[in-house]
Amino acid sequence: MDTTVTLNVQYLDIISALSNQTVAIGTNYTITCSFDAFPMIESVTWFHNRTAINLKAFPHISISTGSTTSELSLLPIGGLDDGGEYSCSVSNGVLNASHSLLNLTVVFLLKPDPVYNLMTSNITNTSVTLSWSLGFNGDSPITGGIVSYAAVSNGFGNGTKEFIGENEELLIFNLQPFTVYNFSVAIENAIGSSNEANIDAETQPNVPDAPTLNSVVIISSNCLEVNWTNNVDPLTQSEVEWYLVMYYTEGQHNELNVPAPANTVIINDLLEGTNYSIIVSATNSAGIGASSNSITLQTAYKGEYCEDDFDGCTEVSCFNDATCTDVPAPGTGVICPPCPSGYTGDGIVCYIPPVFLPYIVFNSSISTITNITRHYFYSTWRVNVPRPITLLGSAYSSIYISIGGTFSMSGRFNYWYSTLFPSSIRGIRDSVVFAPMWNFYDIRREGSVLYQTFSSNNPLANEVFNDVNSFVRASKNITSYKGIWMLVMEWRDVHPYPHGSYYYYYYYYYYYYYQTFLERHNSFQAILTTDGSDTHIIYTYKCGDIMWDNYYSRSVVGYNIAGGRYENHRGSGIPGELLKLGCYDDMNQPANYTNIVYSFQSDEK
């Protein structure tokens, strides 16, 4: 017997998923309830916080229902009360189902809070870097902002600079030197701008203009009086701190520091009947300025009518007390026999031709070679020494190598704008810092700063120690020296700032001077060697490796030890003078390398 069975299948399912959303007041928002049913859906009811929604009570809400979906639209979200749980309930006349669809959080969109931690850094005579931290964004992404600046002093130099996105640093350039500026920063989102955050900063002054050399007057047979006029621009240059009076004769270069505000000085102990060239330059907190005009004058002979012939042999002795012969007037000087065999010189000063120490070649098979990171132009690297190094009675256990062509022992030395020692800036004056070639370098695109340490306990380092020990003994004229630890530092192909900045391209394409100058680079080495008692600092320069010494500031070679001991090597602060390093030795003789050596004994105070 055939039996026919009819199966009546009925089902109802809500297939939307629960989610959490945050929406701002004033935004149009739609919630969808999706379902699948048989028979077809007959009714859909929407609930807000488990209460059926009455459309008459909420005119900004609309509901649209189809065969498989129902949409609830808030046009727009009117207030915080629109937040909460939304659910839908569906029925097909046979089955019923309900489902919670959404937890909706309603927020106000606000203007962003002001920035905080507003700071200035890397201040030059024409630029200031601003940095800040972003606060609450008002629940809307930060789209950019604007920096406004106005000159508080000098009365000009106002401007604005916009930026895009969530920036937290901006370089403001083309500022007026030696001027106090008020900087304000405001950020923006889709709603509007934040309140301003403000900070004041003073740009660095320019170096002084060249003084005018008025006169050089003969006072006696061995002294001159020099007079000059200060030409400082008070709007762009700070007050002169001292004057550098330089007087030259053949084979001699002498300097005299004269504290400001004096504008006259008497130079003593000159040679009679000798031509001297005199120039004057002024120094302020920014550094040394350009040189004045030059005046050349011959000192007098003795006698009422300059008729007396001065016997040069009364003040000059020939080498090894050899026979001295005076040059008769009107000539000057003396005649000495030639220097002994093996010596060189003019017969007055004879010396064994100096040995020189070339660059130390880094060798990773001896010990680790460390390359200071190039990502930040203000990087400083700390090197711990195996035993304290004693300088003038104080012991130091760390050495800090700076990209700026210096290394220090009293802490990190992050001063980029070089000044002659001793500086008027307290942080520099109180530092223990050595300056093989101090200036504002940038290795973010090219160049590197390397160092390697050597221990005498490592047989692989014997050759390096032999070279350095022999050089120290010869250069210091000592019979014995045997180093036990050594630090070799090298600044290789370092360019002037801003070579590694995106501003490099601006300067490069719009200013020919910067095109040529920013591509110059310097290379040089410094060595610290110690035998546990005495310490020697050696600077090494190869001819042609110093290509620039004057950009944001003028390069300084020397050292400063807190407490008053310092030295500026000849040519520091004078544009072009340090380019000769490596090409001439200390006797101004042609050379391939120049070494400068500073030595300190452990019992020295």
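**View 1. The disulfide of cysteine 33 and cysteine 88.** Cysteine 33 is buried, and cysteine 88 is buried as well, where buried means under 20% relative accessible area, exposed means over 50%, and partly exposed lies in between (1.4 Å probe, protein chains only). The two residues are joined by a disulfide with an S to S distance of 2.0 Å, a disulfide being a pair of cysteine sulfur atoms within 2.5 Å. This pair links distant parts of the chain, 55 residues apart, with cysteine 33 in strand β3 (residues 29-38) and cysteine 88 in strand β8 (residues 84-91); helices (H or I, at least four residues) and strands (E, at least two) are DSSP runs, numbered from the N terminus. The model is predicted, so local features need pLDDT of at least 70 and side-chain atom pairs count only at pLDDT 80 or more, while totals for chains, interfaces and linings use all residues. Residues are numbered from 1 along each chain as its sequence is written, and side-chain values use heavy atoms, with hydrogens and water left out.

**View 2. The disulfide of cysteine 543 and cysteine 583.** The sulfur atoms of cysteine 543 and cysteine 583 are 2.0 Å apart and form a disulfide, which is right-handed, with 90 degrees about the S-S bond. Cysteine 543 is partly exposed because its relative accessible area is 35%, whereas cysteine 583, at 17%, is buried.

**View 3. The surroundings of histidine 536.** Histidine 536 lies in strand β38 (residues 535-542) and counts as buried because its relative accessibility is 5%. Its side chain makes a polar contact of 2.7 Å with the side chain of serine 599; a polar contact is a pair of N or O atoms within 3.5 Å, and within protein one must be able to donate a hydrogen and the other to accept it, while residues adjacent in sequence count only if both atoms are side-chain atoms. Lysine 476 is 60 residues away from histidine 536 in sequence, yet their C-alpha atoms are 9.8 Å apart in space.

**View 4. Serine 73 and threonine 30.** Serine 73, which is found in strand β7 (residues 69-74), is buried, with a relative accessible area of 12%. The side chains of serine 73 and threonine 30 are joined by a polar contact of 3.0 Å.

**View 5. The largest nonpolar core.** This core has 40 residues, and those with the most contacts inside it are Ile399, Ile401, Phe407, Phe434 and Tyr539; a nonpolar core is a set of buried Ala, Val, Leu, Ile, Met, Phe, Trp, Tyr and Cys residues joined through side-chain atoms within 4.5 Å. Strand β36 (residues 485-496) gives the most to this core, with 5 residues.
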